[in-house]
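Here's a quick tour for anyone meeting this model for the first time. Have a look at the sequence and the structure, then read on.

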Protein chains: 2
Amino acid sequence: MKENLEILKAISDETRLDILNILFREDSYVEKLACELSLTPATICYHLKKMELMGLVKCSRSQFYIIYSLNREIFEKPLYEFIRKNTNVPGNDEKYEKEVLSHFFKYGKLTQIPTQQKKREIVLREIAKQFEHGKIYSENEVNSIIHQYHEDHCTIRREMIGFGMMSREKENYWLTENEKDNNS
Amino acid sequence: MKENLEILKAISDETRLDILNILFREDSYVEKLACELSLTPATICYHLKKMELMGLVKCSRSQFYIIYSLNREIFEKPLYEFIRKNTNVPGNDEKYEKEVLSHFFKYGKLTQIPTQQKKREIVLREIAKQFEHGKIYSENEVNSIIHQYHEDHCTIRREMIGFGMMSREKENYWLTENEKDNNS
DNA sequence: ATAGTGATTAGATGATTTTCTAATCAATTC
DNA sequence: GAATTGATTAGAAAATCATCTAATCACTAT
């Protein structure tokens, strides 16, 4: 909802808070509000119209005056309803990962092993994609695949096991099974 | 509470809503947020600090990163709690009345009888202050007192009875009793 | 109809706020 | 302790917003 932002903005102003507080007490009209708040009718009108557009107040004519009153239901809602979006912004995390990957991979090579855990995990997970699920690799095969990306295949191999991406028994290596979801 | 305004302002911004939405999902940190929202870390920091100052988010260091998270209690409160002031603005209505009076009275004379009910009532109530409570006046006395303010004492006398400020029986006039409160 | 009055709109001005770049601070790793 | 990296601050530019004056609109009453 883009509208949430507009509703919040329609509230977040000193003058408009003053107006709302008066309207909580009693209905009122432009000229009276202008007088009570020491502002011109034009200014009050500007604020009331803004709030009316967002459904915070409503108005109706009564003899000479146009009486403004609150739409009170709105103010009962909890704050988070005005914040949370129903549209799931897709791929926000992926965007971050792409940024990290493009920073550490240049021309198909890993320029350095990231120091920070979170970035290292992203990079290692990218390399792990070169291995097939279910297939068993010898240590030499593992090393040579990793070597395409970086010279220090030992560190990387060890780290991949440390992060639980890869499993090992004696000389045999394979992708850990429950890691499948992260590599698709 | 002046603070209410600051809290609302700390929420009412597109970027800050985006940040809050991400933090509803999971805790995060400056650089990651900057990347996801395609803004610079400086900008994200600016927004986070603003929200932290208002108690919307909190932060704690964890290894390399400073992790930001929500103060979730705040977002459960209904909207009106962020609007209503506990300080009763005193004398707002009086201010309006003063404005009306100074518009219709010039040099101690009533320049014209207002057309609108609300204003006419204010003006008449002002003139009624010249009469003593409990005292009984003849029609001539009433007329001459009113005449100090305006030539058309008949209309004004009639209107004061119409509004219930003054009572009449035959030739005798007196201030209506339950009007006392309004004239102090 | 016409005059009077409250409400609204248009346009201009000044204030506030968001954003960036560049520099600095603070914590971590080698 | 030197270098790296994430967070913060300062200062400037650009965008947004509140307010006013003046003109117009819409309704009421004579």
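Why do the copies meet through the same surface? The reason is that 100% of the interface residues of chain A are also interface residues in chain B.

## Before we dig in

This is a predicted model, so to speak of local features takes pLDDT of at least 70, side-chain atom pairs count only at pLDDT 80 or more, and totals for chains, interfaces and linings use all residues. Residues are numbered from 1 along each chain as its sequence is written, while chains are lettered from A and ligands numbered from 1 in the order in which they are written.

## Two chains, one axis

Chain A and chain B each put 31 residues into their contact (two residues are in contact if their C-beta atoms, placed from the backbone, lie within 7 Å). On chain A's side, α1 (3-11), α2 (14-25), α3 (30-36) and α5 (92-104) each give two or more residues. Helices here are DSSP runs of H or I with at least four residues, strands are runs of E with at least two, and both are numbered from the N terminus.

That side of chain A divides into 16 nonpolar, five polar and 10 charged residues. Ala, Val, Leu, Ile, Met, Phe, Trp, Tyr, Cys and Pro count as nonpolar, Asp, Glu, Lys and Arg as charged, and the others, Gly among them, as polar.

## Around DNA strand D

There are 27 residues around DNA strand D, and A42(A), T43(A), V30(B), E31(B) and A42(B) come nearest. A residue counts as near if its C-beta atom, placed from the backbone, lies within 6 Å of the strand. Which element gives the most to this surface? It's α4(B), with six residues. By type, the surface splits into 14 nonpolar, eight polar and five charged residues.

A10(A) sits in helix α1 of chain A. A10(A) is buried, with 20 other C-beta atoms within 10 Å (20 or more means buried, 12 or fewer exposed, in between partly exposed, with C-beta atoms placed from the backbone). M54(A) is 44 residues from A10(A) in sequence, yet their C-alphas are 7.1 Å apart.
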